[in-house]
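Have the chain open in a viewer before reading on.

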Amino acid sequence: MTMNGQALTIRAIGCKAQAALERSAGAFTPLHGFDDAPYVQAGGEIIWIGNSIAAMHPRAVLLERATRLAAGERLQATALTPWRPAPLPSGAVTAAALRARCVALHFNLPRVGEPRGFAVMLSGRTPDFPLDGAVILVQKLANAFCSVDADAACGAAIPLLGLGPGLTPSGDDLVGAALFARQAMAGSQADAAMWKNVAARVIGAAQTRSHAIGAALFRDLASGESFAPLHRLAASLRCAASDDLAIAATGDEQAIDAARALVAIGHSSGWDMLAGFVLGVTGSVTPLQRRETT
């Protein structure tokens, strides 16, 4: 692709973005109402154009350098192998072992950074307005995950959708990551099917409770196809849940590194996703009593 005579190189692309650009022959158009956002429309899909490798996502197009693209230009990425998140694993380790490693990550939160958004609840604090008014709903959602109550999970999750400023509201990030996590720790096909059904119900509600970008990204997140650091976090925690102590120790460090990459996304989006992931795995988003993790 060229811009003002200069070549622009696409260094990486997500599978959904590549498929969308193939359908549109590289053409893209601004999203109505989001003219200044890095999200555009191509081939019937919303895609993201930027240059931050931390934001690798099925909808991402990563350029070599930051630039503002003009209408009428085209993006071609046919020679690239698209990034595709691996399917969420299930059944390889016990849910209890994965939960223990997630608790260990929770206690290592100071090594990840200073929490924002809903993640301040992991440190025992109340989030700022307008998220402070949703603390009871977040606690109800955590209780529903803890008690494996699908109907209660839907009842608490849906009112959280669309809550908070930004292109991906904090409520969407929290709920989506919680559903992502619960599917990642599914111990059986029946368990996975139940949480996929919950995700489908909440995804349906998101279509009217969030804007177009938020709804699209929420659908990806709740379906288990999201940002690369979140997939790395899930994989590293499952690795750390291994009975091999050497692998477990390495996995813990990998989980912290993945969490740091995750929280670098957006102003608070990454932190909200981390809080949702912890909630989904442990059934809590408040400080936990320390326990053994081996």
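**Salt bridges and a loop threonine**

Glu 253 is partly exposed, since its relative accessible area is 37%. This value, like the others here, comes from a predicted model. The side chain of Glu 253 forms a salt bridge with that of Arg 111, at 3.0 Å from N to O. Because Arg 111 belongs to helix 3 (residues 109-112) and Glu 253 to helix 10 (residues 245-263), the pair ties together parts 142 residues apart in sequence. Arg 111 also counts as partly exposed, at 38% relative accessibility.

Eight salt bridges are found in the whole structure. In one of them, the side chains of Arg 201 and Asp 151 meet at 3.1 Å, N to O. Arg 201 sits in helix 7 (residues 189-209) and Asp 151 in helix 5, 50 residues apart. Arg 201 is partly exposed at 38%, whereas Asp 151 is exposed at 53%.

Another salt bridge joins Arg 59 to Glu 45, at 2.6 Å from N to O. Arg 59 lies in the loop between strand 6 (45-50) and strand 7 (60-63), and Glu 45 in strand 6. Arg 59 counts as buried because its relative accessibility is 2%, under the 20% cut-off.

Helix 2 (residues 95-107) has 13 residues and should span 18 Å, so the 19 Å between its end C-alpha atoms agrees. Its buried residues include Leu 98, Arg 101 and His 106.

Thr 168, in the loop between helix 5 (150-157) and helix 6 (170-184), is buried at 16% relative accessible area. Its side chain makes polar contacts with those of Asp 173, at 3.3 Å, and Ser 269, at 2.7 Å.

How values were computed
Residues numbered from 1 in each chain as written. Predicted model: local features only at pLDDT ≥ 70, side-chain atom pairs only at ≥ 80, totals over all residues. Heavy atoms only, no water. Helix = DSSP H or I, 4+ residues; strand = E, 2+ residues; numbered from the N terminus. Buried < 20%, exposed > 50% of the residue type's maximum accessible area, 1.4 Å probe, protein only. Polar contact = N/O pair within 3.5 Å; in protein donor to acceptor, adjacent residues only side chain to side chain. Expected span 1.5 Å × (residues − 1). Salt bridge = Lys/Arg side-chain N within 4 Å of Asp/Glu carboxyl O.
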